[in-house]
Amino acid sequence: MSEERRGTLWRTAGGEKKTPPPVWLMRQAGRYLPEYREARAKAGSFWNLCMNPAAAAAVTLQPVNRFGLDAAILFSDILVIPHALGKRVMFEEGTGPRLEQTFSAEELQRDPAQWREKLSPVYEAMDLVAQRLDRARDLIGFVGGAWTLAVYMAEGEASKDQRAARLWGYRNSQDFKRFLSVICDCVAAHLCAQVAAGANVIQIFDSWAGGLPEKAFHDWVISPTKSIVARVKESCAGVKVIGFPRGATQAGYELYTRETGVDAVSLDTAVPIGRAVETLGGRVALQGNLDPLLLVAGGSAMADEIDRLLAATADVAFIANLGHGVLPETPVEHVAEFVARVRAGR
C-alpha cells in the first residue's frame with residue numbers, strides 16, 4: 001500500500017470523524033454514465049472491458065473526474081475469482097452472468113501463480129489508476145465474499161434462495177468447507193495483489209448474505225470473512241477493510257462487526273441508521289445506506305433522506321454511500337446533486 005495515499009475515506013474507515021464525510025458510490029462507474037456506455041460499446045462486451053487494463057482504468061476514473069468523488073473503485077467484477085479458479089465465466093446481454101457450475105472443491109485450480117496470471121489484467125488496471133489518481137483521493141480494490149462466490153459457482157448463475165450452495169453445505173459440510181477454503185485462499189491473494197498494485201482501501205461484497213440461518217451465517221459468511229481479513233491485514237500493513245454483508249439481520253450485522261475484523265461496514269437500505277449508530281458506530285465506521293431508488297427519484301425526497309442520514313451519523317465515523325449500487329436509469333444530475341448535498345451538509 002502506498003504510504004502517500006491516505007485520503008478522507010481511508011481515515012474515516014480507520015475511525016476518524018470527518019465533516020463533511022467522504023462520499024463515493026457502489027457501482028459508480030456504470031451504465032448511467034454516457035462516457036461509460038461509449039467505452040462499453042467500444043470494448044464489445046462487459047468482460048472485455050473488465051479485462052482490458054487501459055479501458056478498465058479509464059472507466060474507473062470517469063465518475064471521479066465527473067463528480068469529484070473522494071475515492072475511485074477499480075472497475076472489475078467479483079466473478080474474476082471463479083475465472084482464476086479455472087471456471088468458465090460468461091456475461092450474456094440481458095440475462096446476467098453464467099458460470100460453469102462447480103460440484104466439488106477438487107475441481108478448482110489451486111496454484112497461486114495461475115491465479116495471478118489469469119488476473120494480471122486487473123492488477124495492471126489498478127496500477128494505471130494509481131498512477132493517474134490524485135493522491136488526495138483513495139483507491140478501492142474489491143472482491144466478492146467467499147459465500148457469495150460459492151453461491152454463484154454452485155448455481156452457475158445468480159440465485160435468490162442460494163439453493164445449490166445451501167444444499168451442498170448441508171449435505172456435505174466437509175467438502176463445502178474445503179470449497180470455501182480454496183475460495184478464501186484465492187480471495188485473500190487477489191486482495192493483496194490489488195493492494196500491492198495501489199489500493200489502500202478494500203471492500204468485501206457479500207451480496208447474498210441475507211436469509212441464512214444463524215449457524216450458516218456464522219459458518220459461511222463470518223468465518224470465511226474473518227479468515228480473509230486476518231490474512232490481508234497480516235500481509236498488507238495499513239490497508240482499511242470495508243465489509244458488506246448485504247441483507248444480514250441487525251443481529252447479523254452486530255456479530256459480523258464483532259468477529260470479522262473489518263474496519264468499516266456498509267449498510268444496506270433496510271438497516272435502520274439510528275440503530276446502526278447505537279450498536280455498531282462505536283466499533284466500526286459506518287457506510288451507506290441511501291436507497292438507490294432515491295438517487296433515481298432525486299428532488300426533495302432524496303435531499304431529505306441525505307439530511308436525515310447526515311444528522312443521524314453526526315457523532316460517528318461515516319462514509320456517505322448507497323445501500324447498494326447505482327442503478328442504470330439514474331439521472332447523472334442526481335448523482336451530482338447527491339455529492340453536493342453531502343458536501344454542504346453535516
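## Salt bridges

A salt bridge is a side-chain nitrogen of Lys or Arg within 4 Å of a carboxyl oxygen of Asp or Glu. The structure described here holds 18 of them. It is a predicted model, in which local features need pLDDT of at least 70 and side-chain atom pairs count only at pLDDT 80 or more, while totals for chains, interfaces and linings use all residues. Residues are numbered from 1 along each chain as its sequence is written, and side-chain values use heavy atoms, with hydrogens and water left out.

One of the salt bridges joins glutamate 4 to arginine 135, with the closest N and O atoms 3.9 Å apart. This pair links distant parts of the chain, 131 residues apart. Glutamate 4 sits in the segment before helix 1 (8-13). Arginine 135 lies in the loop between helix 7 (120-132) and strand 4. Helices (H or I, at least four residues) and strands (E, at least two) are DSSP runs, numbered from the N terminus. Glutamate 4 has 60% relative accessibility, so it counts as exposed. Arginine 135, at 36%, is partly exposed.

## A network and a helical pair

Lysine 18 forms a salt bridge with glutamate 16. Their closest N and O atoms are 3.2 Å apart. Both residues are partly exposed: lysine 18 has a relative accessible area of 22%, and glutamate 16 has 34%. Salt bridges also link Arg11, Glu16 and Lys18 in a network.

Arginine 308 pairs with glutamate 305 in another salt bridge, where the closest N and O atoms are 2.8 Å apart. The two residues are 3 apart in helix 15 (residues 299-312), so about one helical turn separates them. Arginine 308 is partly exposed, at 44%.

Strands of a sheet pair through backbone hydrogen bonds, either parallel or antiparallel. Here, an open sheet of 7 strands has parallel pairing and the order 1-4-5-6-7-8-9. Two strands count as paired if DSSP finds at least two bridges between them. Strand 1 and strand 9 stand at the edges, each with a single partner strand, so one side of each has no neighbour in the sheet. On average, neighbouring strands of this sheet are turned by 25° against each other, direction ignored.

Helix 8 (residues 146-155) packs on the sheet and touches strand 4 and strand 5. Its direction makes about 45° with that of strand 5. Helix 15 lies across strand 8 and strand 9, and runs at about 165° to strand 8.

How many residues of strand 4 (residues 138-144) are buried? The count is 7 of the 7, so the strand is largely enclosed by the rest of the structure. Asp138, Ile140, Phe142 and Gly144 point one way. Leu139, Gly141 and Val143 point the other way.

Strand 4 runs parallel to strand 1 (residues 71-73), and 3 bridges join the two. Alanine 72 stands opposite leucine 139 there. Strand 4 also pairs in the parallel sense with strand 5 (residues 201-206), over 5 bridges. Glycine 144 has phenylalanine 205 as its bridge partner, and phenylalanine 142 stands opposite glutamine 203.

## Strand 9

In strand 9 (residues 318-322), 5 of the 5 residues are buried, so this strand is also largely enclosed by the rest of the structure. Phe318, Ala320 and Leu322 point one way, and Ile319 and Asn321 the other. Strand 8 (residues 285-290) runs parallel to strand 9, with 5 bridges between them. Leucine 290 has leucine 322 as its bridge partner.

## Two crossing helices

Helix 10 (residues 173-196) and helix 11 (residues 214-235) have axes that come within 9 Å and cross at roughly 35°. Axes are lines fitted to C-alpha atoms, for helices over the stretch in contact, and angles run from 0 to 180 degrees between N-to-C directions. The crossing is right-handed, which means the near helix is turned clockwise from the far one by less than a right angle.

Contact means heavy atoms within 4.5 Å. Helix 10 contributes residues including Phe176, Leu180 and Asp185. Helix 11 contributes, among them, Trp220, Ile228 and Arg231. The residues of this contact divide into 11 nonpolar, 1 polar and 3 charged. Ala, Val, Leu, Ile, Met, Phe, Trp, Tyr, Cys and Pro count as nonpolar, Asp, Glu, Lys and Arg as charged, and the others, Gly among them, as polar.

How values were computed: Buried means under 20% relative accessible area, exposed over 50%, partly exposed in between (1.4 Å probe, protein chains only).
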